[in-house]
Amino acid sequence: MKALEISQVTFAYDQNETAGFALRDFSMVVQAGEMHALVGPNGAGKTTLMKLITGQLRGCRGDIKIYGRRSDDPVALSAIGYAPQPVSVFPSLSAWENLRVFGVMAGLADRVLKERAMAVLEATGLLPYAKKRTSTYSGGMLRRLNLAVALLHSPRLLLLDEPTVGVDPQSRNNIYETLNALNAQGVAVVLCTHIMDEAQRMCSKLTLLDRGEMIFSGEMREIPDLEKFFLEKTGRSLRDDS
Amino acid sequence: MLRKLQELIRKEMLVLLREKQTLPLLFFMPAALIFFLSLALQGVYLDKFAGRQIMLVIENETPGPKSTLLEKKIASHRLVQRVGRPPGYSNDQLFESGKAHGVILIPRGFEEGQKPVQMEFDPVLDAGYKSATRALITSLTAEVVMGIDDIEAMTSNFIVEKTKPNMTFPGPLQNAVPGWSIFAMFFIAIPMSIGFLREKQDGTLQRLFTYPVSVHVVILGKLIPYYLINLIQFALMLLVGVGVMPFFIKFPFTLGAHPWHLVPITLVAAAASTGFGVLVAATAKAPEQSSALAATSAVLMAVFGGIMVPPVLMPVFMKKLAMLSPMYWAHQAYLDVFMRHAALNSIVPKLAVLMLFASVCFYIAGRKVKWM
C-alpha cells in the first residue's frame, strides 16, 4: 500500500514563476512500512516538499496523496506525523503541556491523549522532565520532544526533517531506536537528512533531489557509499542558497 | 472545533501569563499611572474646581471711610488671601520669593477721586487669575465708589449661572481611570504581536497548521485571550478607581447615572485595541520591531487622544487632531458615562467610530498577514 504518492508536483514561491521553481515535475512513492531517505544539497527543495505534504504550503501543480487521500483532506493530515527542522514547540510550556496542545489539535480524546503522551515521553526519555518548561531543556531534549510531538497521535506516515541535527550521540541513538521500533510496527518514515551515514544505515529506499528535481530514486542497498554517490550526482560546488 | 479553540485559548493564556513583563505592563503600569498621576494632579484639579485663593498684599495709604471699606471688602473676599509685606521687600522680591501673587495699593487721593487703585501682579501668574482678580477689584471698587452694597446681588436678576458642577471638566480620577485603562488596553498590542511573531519564527504556528485545524479556529484562539484580558484590565482599573483611590485623593469617583453603559463601551474599546494589536502583529517583521511599533503608536495615540492632557485644556487645533486617535473616542465615551450621565444613543456614534477603527485594523491585517 502506498503511504505517500507524489505525482508530477511543480511549485514556485513566486506566483508568476519568474524566480524559478522550488520543485519541478517531482514524483516519489513511499510504501507503507518503508523507511525512505530524502536527501539533497541545501536549497534542493526538501523542506518545500515537506511543507507541501503537510499543507503548510498550497498551490502546487500535480498530486500529493497520503494513503490514497489528497493531502488537503483532514483525514490525510491526521495520518501524518511531522517533525520540522527547527524545533517547533512552545518554550514557555512544559513538555506535557506542549503534547496536550498538539494532541488536542490532532483530535485525540483526553484519555487517549494521556496514554499516548506517557508513551511518547517514555520512548523519548523525557518522562522525568515532563512538567518542566521546555525553555530549560538541552538541545537534545528539545529534538526528542520535537519527535515526541510528531509521534503523539500514532501517525502512519512520519515526516522527519533533519531529526538529529545538533544532538549528542545518546539522543541520536534514542531517536534511531524510536524510529526503528515504529518502522517495525509498519509506520512509513520519510527521513530528510544531510547525514549520509544515517540515511544509509536507517533507510531501505533513497530519493535524491537537487534544484527541485528528482535525480535518483532507488534501493539503498544498490549504493555502496552514499556520500560518494551524493557528490557524484550533485557535484562538489558549494551550495550557499537556502 | 470548540475543544480545539478552548485548548488554543488556554495555551495562549499560559504563554502570556508566564511572560515576566506581561503582568507589570498590562496591570501594574496603568494602576501606577492612575495612582501617582491622580495624586500629582490633585492640586491642579482643586484649583480648577474650587478656585485657588490669590495671595494679595493690600496697602491703604489714606485710611478714610471709602478706602477702609474697599480694603475690608478686598481682604474679606473668599478668593483673596491677604498677606503682609515682609520688612524691606520690594514688589519684585515679593513675587520672586512667592510670598504674594499681587499687590493692591489704595493710594493717597483715592477718597477724593484723584488717584485710582493700583494693581501689580507677579509676571508669571496665570493670565486667567490675573484677569479674574482685575475684574474682582474693579467690581469691588465700583461698589465702594457708587455706594452699592453687593453688586452681585444687584445683578442677579440679569445674570444667572446654570453650569452643572463638574460636568464639563473631568476630575482627576474621572480623567485618569478611563484614560490610563484605555492606554493600557492598547498596550496589549505588545505581547500580542510579540507572541504571534515568535510563534512564526520558531515554527509552532506553522506546525499547528499541519493538523486538521481550521485557520479560523487558530485566529480566534489568538484573539479571544487578548480580548478577555482587555476586559479584565478595565474591570480592575475601575476597581482601583472606585475602591482604592478614594482613600488617597480628595475627589470622589462616581460611575455616573448609567454605569451599565460602561459594558458596551468596554466591549467595543477592547475590540479596537485588539484590532490594533492584530494590525501591529501583521505589519511588523520581528518581535523587537513590533514592540517598538506598538509602544510608540500607543503613546502617540495617548498624547493626541487626550489621555495625557484632557482635551478641554487643548487648543482648538489639538482638539481636532485628537479626533484621529481611537483613544479619544473611547475616552470621551467613558466621560459621557462618568460625567455627562449620557443616554446610550448619544454614546453610539463614538462606539461606531471605534468599531470602524477596529474593522479597518482587522481588514488591513487580514490582507497583510502571512501565516506561513
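This report describes selected strands, helices and nonpolar cores of a predicted model.

## A buried strand in chain A

Strand β7 of chain A covers residues 157-161. Five of its five residues are buried, so the strand is largely enclosed by the rest of the structure. In a regular strand, side chains alternate between the two faces of the sheet. Both faces of β7(A) are covered: Leu157(A), Leu159(A) and Asp161(A) are buried on one side, and Leu158(A) and Leu160(A) are buried on the other.

Strands of a sheet pair through backbone hydrogen bonds, in a parallel or an antiparallel manner. Strand β6 (residues 80-83) of chain A is joined to β7(A) by four bridges, and the two run parallel. Within this pairing, Tyr82(A) has Leu159(A) as its bridge partner. Strand β8 (residues 188-192) of chain A also runs parallel to β7(A), with five bridges between them. Here Leu158(A) stands opposite Val189(A). Between β7(A) and β8(A) the chain passes through helix α6 (residues 169-184) of chain A, forming a right-handed β-α-β crossover.

## The open sheet in chain B

Chain B contains an open sheet of four strands in the order β2-β1-β3-β4, with mixed pairing. Strands β2 (80-82) and β4 (118-121) of chain B stand at the edges; each has a single partner strand, so one side of each is left without a neighbour in the sheet. On average, neighbouring strands of this sheet are turned by 30 degrees against each other, direction ignored. Strand β3 (residues 102-106) of chain B runs antiparallel to β4(B) and is joined to it by four bridges. Leu105(B) stands opposite Gln118(B) in β4(B).

Two helices of chain B lie across strands of this chain. Helix α4 (residues 65-76) lies across β1 (54-60), β2 and β3, at about 170 degrees to β1(B). Helix α6 (residues 127-146) lies across β1, β2, β3 and β4, at about 165 degrees to β4(B).

In soluble globular proteins, nonpolar side chains tend to be buried together. The largest nonpolar core has 130 residues, of which Leu99(A), Leu145(A), Leu158(A), Leu206(A) and Met327(B) touch the most other members. Helix α12 (residues 262-283) of chain B gives the most to this core, with 11 residues. Apart from it lies another core of 31 residues, including Phe26(A) and Tyr67(A). Among the residues that Leu206(A) touches are His36(A), Phe216(A), Ile223(A) and Phe229(A).

## An exposed residue

Lys285(B) is found in the loop between α12 and α13 (287-304) of chain B. This residue is exposed because its relative accessible area is 70%, above the cut-off of 50%. Lys285(B) and Ala352(B) are 67 residues apart in sequence and 31 Å apart in space, C-alpha to C-alpha.

Definitions and conventions: Residues are numbered from 1 along each chain as its sequence is written. Chains are lettered from A and ligands numbered from 1 in the order in which they are written. This is a predicted model: local features need pLDDT of at least 70, side-chain atom pairs count only at pLDDT 80 or more; totals for chains, interfaces and linings use all residues. Side-chain values use heavy atoms; hydrogens and water are left out. A nonpolar core is a set of buried Ala, Val, Leu, Ile, Met, Phe, Trp, Tyr and Cys residues joined through side-chain atoms within 4.5 Å. Buried means under 20% relative accessible area, exposed over 50%, partly exposed in between (1.4 Å probe, protein chains only). Contact means heavy atoms within 4.5 Å. Two strands pair if DSSP finds at least two bridges between them. Axes are lines fitted to C-alpha atoms, for helices over the stretch in contact, and angles run from 0 to 180 degrees between N-to-C directions. A crossover is right-handed if, with the strands pointing away from the viewer, the path from the first strand over the helix to the second runs clockwise. Lists of a residue's contacts leave out its neighbours within four places in sequence.
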